[in-house]
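Trainee: Before we discuss any details, could we put the sequence and the model side by side and go through the fold step by step?

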Amino acid sequence: EVFRDSAKASIAVAHEIADLMRAKAGRGEQCVLGLATGSSPIRVYAELVRLHREEGLDFSHVITFNLDEYFELPRGSRHSYWYFMHEHLFNHVNVKPKNINIPKGNIPLADVYEHCMEYEARIKEVGGLDFQLLGIGRTGHVGFNEPGSHSRSLTRLITLDHLTRVDAASDFQGISNVPTRAITMGIQTISQARRIVLLAWGHKKAEIIQKTIEGERTSDIPATYLQDHPNVTVLLDEESSADL
Ligand code: GLP
């Protein structure tokens, strides 16, 4: 779906999430949301915060799972995705802290495998993801599933692609400060969500969006695995859709 601008598209996806939350609450069910970081979803979160403040949108029955976290970054670091999510969403709505799940980037290497398996188990335990919000990196990553990721990959430690670190360099005041690894949900973890919405704005995303939507399904561009999903929508603005 191509929108005139990203603001309109962001409001549309926030309203889809809000409708899902209300429908599940009406049935007395928990709503399990997979959430993304990066600049793309910021306005989605701003609209959800507005709906909470002005219309009482209730997050008390929402369980969240974030896609990824940088590895070997303290939780409190302002570069962490933990910080990002609290700043843009969690500090402003009534989600219960015990229902917030973000991979831990500050654990010893020896504990990472077990932590990733526990993350997978927790998603299963709550019935799987009702909705997964995604951005896309210029390498074609979703979460941090870099080129080479397997379609059946699960939550794991991954080495970041050079281009991903280049793109993150300005946030970290230089590429040498960008972590080299991250923990990310896998392609299989993401693909098992019952509904997926991917966001991409701006001309820098036009080339990877063209390959993701019109190209061959390939592990070189992990976002192309989404072509197999039965319920995925890609929301674009005019710039990111320019090469289609
Ligand atoms: C990071 C995140 C991805 C995100 C991507 C794009 O690499 N791990 O989940 O999709 O950035 O970021 P942006 O939305 O700022 O373009």
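**The sheet and its surroundings**

Mentor: In this predicted model, 6 strands form an open sheet with parallel pairing, and their order is β4-β2-β1-β5-β8-β9.

Trainee: Is strand β1 largely enclosed or left open by the rest of the structure?

Mentor: Both faces of β1 are covered, with Cys31, Leu33 and Leu35 buried on one side and Val32 and Gly34 buried on the other. Because 5 of the 5 residues of β1 (residues 31-35) are buried, the strand is largely enclosed.

Trainee: Which residue of β2 is the bridge partner of leucine 35?

Mentor: β1 and β2 (residues 62-66) pair in the parallel sense, over 5 bridges. The chain crosses from β1 to β2 through helix α2 (residues 42-55), and this β-α-β crossover is right-handed. Within this pairing, the partner of leucine 35 in β2 is asparagine 66.

Trainee: And which residue of β5 is the bridge partner of leucine 33?

Mentor: β1 is also joined to β5 (residues 131-134), with 2 bridges between the parallel strands. The partner of leucine 33 in β5 is phenylalanine 131.

Trainee: Is leucine 109 buried or exposed?

Mentor: Leucine 109 has its place in the loop between β4 and α4 (112-125). The C-alpha atoms of leucine 109 and leucine 157, 48 residues apart along the chain, are separated by 9.2 Å. Since a residue with 12 or fewer other C-beta atoms within 10 Å counts as exposed, and leucine 109 has 10 of them, leucine 109 is exposed.

Trainee: How many residues of the shell around the ligand are polar?

Mentor: The ligand is surrounded by 13 residues, the closest being Gly38, Ser39, Ser40, Gly135 and Gly137. Besides 4 nonpolar residues and 1 charged residue, the shell has a polar group whose number is 8.

Notes
Residues are numbered from 1 along each chain as its sequence is written. This is a predicted model: local features need pLDDT of at least 70, side-chain atom pairs count only at pLDDT 80 or more; totals for chains, interfaces and linings use all residues. A residue is near a molecule or strand if its C-beta atom, placed from the backbone, lies within 6 Å of it. Ala, Val, Leu, Ile, Met, Phe, Trp, Tyr, Cys and Pro count as nonpolar, Asp, Glu, Lys and Arg as charged, and the others, Gly among them, as polar. A residue is buried if 20 or more other C-beta atoms lie within 10 Å of its own, exposed if 12 or fewer, and partly exposed in between; C-beta atoms are placed from the backbone. Helices (H or I, at least four residues) and strands (E, at least two) are DSSP runs, numbered from the N terminus. Two strands pair if DSSP finds at least two bridges between them. A crossover is right-handed if, with the strands pointing away from the viewer, the path from the first strand over the helix to the second runs clockwise.
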